[in-house]
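Dear colleague,

I am handing over the structure we spoke about, and below it you will find what came out of going through it. Please read the notes with the coordinates open beside them.

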Amino acid sequence: FLEGRSCCFSLSFLCAGLGKSLEIVSNSGDVELENSHFMVCKVSARGGEGTITWHKDEEEIEDGQDNFVITKIDEVSSKLTIKNARREDGGTYICSCEFEDGIVKTAKQTITIIMKPKILTTTSYYEFLAGKDATMPCEVTGIPMPTVTWKFKDRGVIDSTSGRISILPGNSLQIQNISRVDHGTYVCEAWIKAKERNEVAKLSVSVVVNAPPHMRTHEQEKSVAAGPASNVSLTCPVSGHPPPSISWASPERSDQSRYQFNSDHSELIIHSVSKNDEGVYNCTATNAFGTYSSRIVLGVSVRPDVQQLGTREAQPGETVSVTCQATGDPTPTIHWVRKSDGQILTRRGNRSVETCESNVRDQQASDTRAAKTWADAGQALQERGRRREGKRSLQTGGQKLGLDPFPGLSLCLGLTAVSLCRCVQRPGDRMDIREDTRSTTFTLRQIVPSDGGMYTCIASNTVGKASQDLSLQTPPAAPQQVRAHASPTSVRLSLDAPLADGGSPLLQLRLQWREVAASEWRQELVGAGGRCSAQSRDALVITGLQPYTSYSVQLSAINGVGEGNMSQEQTVRTVGIREPDKPVISKEGTSEGNTYRIPFKQLDDGGKPIIKYIVRYRSEDSQLEKEMELPADSKEVILKDLDYNTEYGVEILAVNSNGTSAPANISFLIPQPISTKDARSSPQKSGMGTGGIVGIVMVIFLVVLIAADATCFYTNRCGMLMCIAVNLLGRRPRGTKGLDPEE
């Protein structure tokens, strides 16, 4: 029975203990240092009343002990407050409750004292001198102790194994041998990464690295060519902090008004560089930490410049000496060039050389006069002491004409023609060139007409070239290879070789003639015109001669310097009286509408005065030939009322008492007039165009339409006018057929 009662009591006690429990209510297990925190110990609803006590690390906490405050809320709950939490306040807190029936229940709560990361260092600006070691401290605190990192330009600072950049114990950043590339903003970050925590503190540190001025090069050289469009830029590539002030020192002769600087004076631009700008330019940079200088050696080269040479006149046999002076840097090289053939004239290698220009003569190979001409020319040249060149014989058509060698002539072979050569002597031993440092003197002795012309002095150096022309002018040479063609009353002269003009344009030709037995020459001056080229169209004509008479003829050329020698005197005999030569059409004809003008002239009248001119013409598609006569003094044919777009053929004949000349022929086309309208290729039309006709038709149609509509309105009250009246008046006009809607 007792055992039964004991078992029942134990079971009842166990059941009573199962209904009692405790719990501690707290907002967090982490308490920030120096902050207050409380915990509430609460008995369950069925637990009943009891005595609640608080313990820390198995030691009971008394109310008011240290910074603890215990407050009884009611019979079943108690609050423990920790004021201004300290590091040692962290630990395990136990709430214990002893109930009235002697049962004791407990509850535990672990409190961890924490502290957010905090950077204690307050300095955020440092200045260092380049080349020194720099240390930037970053003292931090926190519970637990934060991890510290450094960042530069949003990237982590590398803890260099070489030791230049490192993080020291205590989290200070050290940069050894600091330079300008290290300046900027560094960030010290202290962070705590734990459960439910991700806290960071930052400190931005501005680092300024001061440096004395420094330049990449201590001395440099620069070259430029002088000229009004030439500019040069001199740069002073300086570094340093604070930014240094820059000053320049330039050569005394340099004109500083042509200087231009950029904003910080690190670049000097010299405009329109001249030789005076050459020299040493010193660039000096200064700041609070030092001074540095650099020098730039500017070399200025100058393009050659040659003084004007102008014109020199000389008479045959004289000596001409001209000095060509040139400036430039480097010193230019000077040489002379004969402009006519491009030959470079040097002190050596200019031996006397005679060149021949070949012209064909219409002369039979067996003509002994040709051989005599060759012999005479050779003898004349030999007397002048020229170089001997030539062949011993002239082979023509199987017949040999024996000739002694003579100087300056080369004989051209042919079967039916003899080619005569005009020899021109070039300056050779007569020339001398003397060179000086900046000048060259050109001397030409024993001037001959073929020496006349343009000579160019050319100066050149590494920068460029310059030149000036010397115009050497002499009287012209005697005309060579003059041919005379006789007619009854005139002699026509022609030139088979160009005239040597002596370097000055020919102005006139002097024609002289006389009867063989006479002593006095008659003469005439004519304009040079285009007669100075071989085979000239415009013949030189001596008129007013007697038929069957022998005359001596010669001519000379005149230029601005004077008159040259006469050509070799020739004898020519006029022929008998005959019909006139054919007229010469002097130039192209001109058209005005359907009128055509043909200028002509009469060179030889055959020994009898011209009586008249006969003009015959017809179109190409017509067999009918028209004829007209012109007076003897006519100089022009005028054909009128010709058909457009038609080609015509014309013959002009001269008539004297002995007969009619051969015809002078010309063909021409009368073009179709061109309209100025947009259809320019068609003839201009008159009358009304298509647009006008269309406009008239539209006007007529509009008038008819209005008349029909008016008739409809007044008779049947309909049409366009009726519609307008209803819309404007709002009702039908009086007398309109039909009923209003109201009726």
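**Arg-258 and its surroundings**

A polar atom of the Arg-258 side chain lies 2.9 Å from the backbone oxygen of His-271. Please keep in mind throughout that this is a predicted model. Arg-258 is found in the loop between β22 and β23 (259-261), and with a relative accessibility of 17% it counts as buried, since the cut-off for that class is under 20%. Leaving out residues up to four places away in sequence, Arg-258 touches Ile-269, Ile-270, His-271, Ser-272, Val-273, Ser-274 and Asp-277.

**The chain as a whole**

The chain has 743 residues, of which 40% are buried, and it contains four helices and 54 strands. Of the contacts between residues at least 6 apart in sequence, 63% join residues that are at least 24 apart. The chain exposes about 43,100 Å², and carbon and sulfur atoms supply 50% of that area.

**Strand pairing**

Strand β22, residues 245-249, has a covered face formed by Ile-246 and Trp-248, whereas Ser-245, Ser-247 and Ala-249 are on the uncovered one.

**Salt bridges**

The structure holds 22 salt bridges, and a few of them are described here.

The side chains of Arg-164 and Asp-182 meet in a salt bridge, with an N to O distance of 3.0 Å. Arg-164 lies in the loop between β14 (155-156) and β15 (165-167), and Asp-182 in the loop between β16 (173-175) and β17 (184-194), so the pair ties together parts that are 18 residues apart in sequence. Arg-164 is partly exposed, at a relative accessible area of 28%, whereas Asp-182, at 6% relative accessibility, counts as buried.

Arg-514 and Glu-569 also meet through their side chains in a salt bridge, at 3.8 Å from N to O. This pair links distant parts of the chain, 55 residues apart, with Arg-514 in strand β41 (residues 506-515) and Glu-569 in the loop between β44 (550-559) and β45 (570-573). Arg-514 is buried, with a relative accessible area of 18%, while Glu-569 is partly exposed, with 39%.

A further salt bridge brings together the side chains of Arg-616 and Glu-627, at 3.1 Å from N to O. Because Arg-616 lies in strand β49 (residues 612-619) and Glu-627 in strand β50 (residues 626-631), the pair ties together parts that are eleven residues apart in sequence. Arg-616 is partly exposed, with a relative accessible area of 25%.

Asp-89 lies in the loop between β7 (77-82) and β8 (91-99) and is buried, with a relative accessible area of 1%. The side chain of Asp-89 also reaches the backbone nitrogen of Arg-86, at 2.7 Å. Leaving aside neighbours within four places in sequence, Asp-89 is in contact with Lys-56, Asn-67, Phe-68, Ile-82, Asn-84, Ile-111 and Ile-113.

Which residues make the nonpolar surface patch of about 440 Å²? Phe-701, Leu-702, Leu-705 and Ile-706 form it. Ile-706 is placed in helix α3, which covers residues 690-716. With a relative accessibility of 53%, Ile-706 counts as exposed, because that class takes in residues over 50%.

Methods. Residues numbered from 1 in each chain as written. Predicted model: local features only at pLDDT ≥ 70, side-chain atom pairs only at ≥ 80, totals over all residues. Heavy atoms only, no water. Patch = residues over 30% accessible without salt bridge, like charges linked within 9 Å, V, L, I, M, F, W, Y side chains within 5 Å. Areas by Shrake-Rupley, 256 points an atom, 1.4 Å probe, with all protein chains shown as cover. Salt bridge = Lys/Arg side-chain N within 4 Å of Asp/Glu carboxyl O. Helix = DSSP H or I, 4+ residues; strand = E, 2+ residues; numbered from the N terminus. Buried < 20%, exposed > 50% of the residue type's maximum accessible area, 1.4 Å probe, protein only. Polar contact = N/O pair within 3.5 Å; in protein donor to acceptor, adjacent residues only side chain to side chain. Contact = heavy atoms within 4.5 Å.
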